[in-house]
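Subject: Structure handover

Hello,

Here is the structure I promised to pass on. Please load it first, then read the notes below.

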Amino acid sequence: SSRGFCNTCPRDSLLVIGDEIIETPMAWPCRYFESHSYRTVVKDYFRRGARWTAAPRPQLTDELFDAEFRVPEAGEPMRYILTEFEPVFDAADFVRAGRDLFVTRSNVTNRMGIDWLRRHLGPGYRIHEIESRCRTPMHIDTTFVLLAPGKVLVNPEYVDVDRLPDVLSSWDVLVAPDPTPVDGRLLKLTSLCGKWLSMNVLMVDEKRVIAERHHTGMLRALEKWGFEPIPCDLLHYAPFGGSFHCATLDVRRRGTLQSYV
C-alpha cells in the first residue's frame, strides 16, 4: 500500500484459522482499511479454496471509547480504553495451538470482540483468556508466546504463572529472561514498541526459532530450553510495529490440525 503506517504487520489485521482467513474489526480508526493492503494475496488464496470472512465492520463512534480513561497506576484495578459498544479485536491478540486459541483482552480487543470470535468459530474451537498485568496492553506476542506443543514462553512482568488457564497445567512454562539492553540508536527504535520485543520470535517448527540477534539473553535461553535459535537482524522493523512474529503471518503449515491442551 502507498499509505499506512502499520500495514507492515499482517498479523494484526488478518486471523488465519484452519482454511479460513478473517479480516479483523480493528479499533484504531487509522487502521480501518489496513487489510486492503493484502487483498491481492487474500483473493488469490480464496480462488484456491480458502474461506474468506470479514468480521462486522465497527462504527468507531465515540461510544466505543471511554472518555474518562487514564492509564491505571500499579496496584489499581485494570482499566481499558474500549467500552463494549461493539465487537472489536486485533488478530495479534490471539495465538493458536491446534483447536485452542489464547487471547489477551487489551486496548484494541474488547470482551465483545472475543465473544464474537468464540461464537463465529463454534464448538470446534476453544478460546482461553490470558490475564495481562500490562498497564497498556496491546497484542499477545510480547506476553504469551507458544513455542512448541507443551511449551509456552511468558513475560514475567505481565503474566502471573499461577493464574494461567487450567488447560496449561501440564505444560512447561518458560519465563522469559530480562531483555538484553540495546545501545545507541537501536535502543530508541526498540523502545517504541517496548523492551519485551525480545519475545517476539517466529517458530519455524518445534525446534527452530527465528529470533533477533541483538537479544543475546533470549538466544541463550532458547538454546538452554532445547531449541535451535536462528539469529537474524530486524531491529530496524521496530518503528513499524514489532518484530518477527508481527511481520509474518503463517497461512500454511505442514502436519495435521490437532489439539495439544
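Which residues of H5 are buried? They are Gly-217, Met-218, Leu-219, Ala-221 and Leu-222. Keep in mind that this is a predicted model.

After H5 comes Gly-226, with a positive phi near 95°.

S11 spans residues 208-212, and four of its five residues are buried, so the rest of the structure largely encloses this strand. With S10 (residues 202-203), S11 runs antiparallel, joined by two bridges. Met-203 has Val-209 of S11 as its bridge partner. Four residues lie between S10 and S11, and the two strands form a hairpin.

With S12 (residues 228-232), the pairing of S11 is parallel and covers five bridges. Arg-208 is bridged to Glu-228 in S12. The chain gets from S11 to S12 through helix H5 (residues 216-224), and this β-α-β crossover is right-handed.

Look at His-215 next. This residue sits in the loop between S11 and H5. Is His-215 buried or exposed? Its relative accessibility is 4%, so His-215 counts as buried. Leaving out residues up to four places away in sequence, His-215 touches Thr-180, Val-182, Leu-197, Ser-198 and Leu-235.

S7 and S8 run antiparallel and are joined by four bridges. Ala-148 stands opposite Lys-151 in S8. The hairpin of S7 and S8 has two residues between the strands, and Gly-150 there takes a positive phi near 85°.

S8 also pairs with S9 (residues 172-175). That pair is parallel, with four bridges. Leu-153 has Leu-174 in S9 as its bridge partner.

**H3**

H3 covers residues 111-121, and its buried residues include Gly-113, Ile-114, Trp-116, Leu-117 and Leu-121. These residues span an arc of only 160° around the axis, so they lie on the same side of H3. An α-helix has 3.6 residues a turn, so residues three or four places apart point the same way.

What covers the buried residues of H3? The cover includes strands S1 (14-17), S2 (20-23), S4 (94-97), S5 (100-103) and S6 (126-129). Gly-122 follows H3, and its phi is positive, near 80°.

**Aromatic rings**

How many aromatic pairs does a search of the whole structure find? It finds five. One of them joins Tyr-32 and Phe-33 edge-to-face, at 5.0 Å centre to centre and 75° between the planes. Tyr-32 is partly exposed, at 24% relative accessible area. Phe-33 is exposed, at 55%.

Phe-46 and Trp-52 also form an edge-to-face pair, with 5.9 Å centre to centre and 65° between the planes. Both residues are partly exposed: Phe-46 has a relative accessible area of 46%, and Trp-52 has a relative accessibility of 29%.

Phe-89, Phe-94 and Trp-116 are linked into a cluster by ring pairs. Trp-116 is one of the buried residues of H3.

Two arginines lie over ring faces. Arg-57 is over the face of Tyr-32, 5.9 Å from the ring centre. Arg-99 is over the face of Tyr-125, 5.4 Å from the ring centre.

**Thr-8**

Thr-8 is in the segment before helix H1 (10-13). Its relative accessibility is 32%, so Thr-8 counts as partly exposed. Thr-8 and Thr-248 are 240 residues apart in sequence, yet their C-alpha atoms are 8.9 Å apart in space. Which residues does Thr-8 touch, not counting residues up to four places away in sequence? They are Tyr-38, Tyr-237, Phe-240, Cys-246 and Ala-247.

Best wishes

Technical notes:
Residues numbered from 1 in each chain as written. Predicted model: local features only at pLDDT ≥ 70, side-chain atom pairs only at ≥ 80, totals over all residues. Heavy atoms only, no water. Buried < 20%, exposed > 50% of the residue type's maximum accessible area, 1.4 Å probe, protein only. Pairing = 2+ DSSP bridges. Right-handed = clockwise from strand over helix to strand, strands pointing away. Contact = heavy atoms within 4.5 Å. Phe/Tyr/Trp six-rings, centres within 6.5 Å; stacked < 30°, edge-to-face > 60°. Lys NZ or Arg CZ within 6 Å of the ring centre and 35° of its normal. Arc of directions from axis to C-beta.
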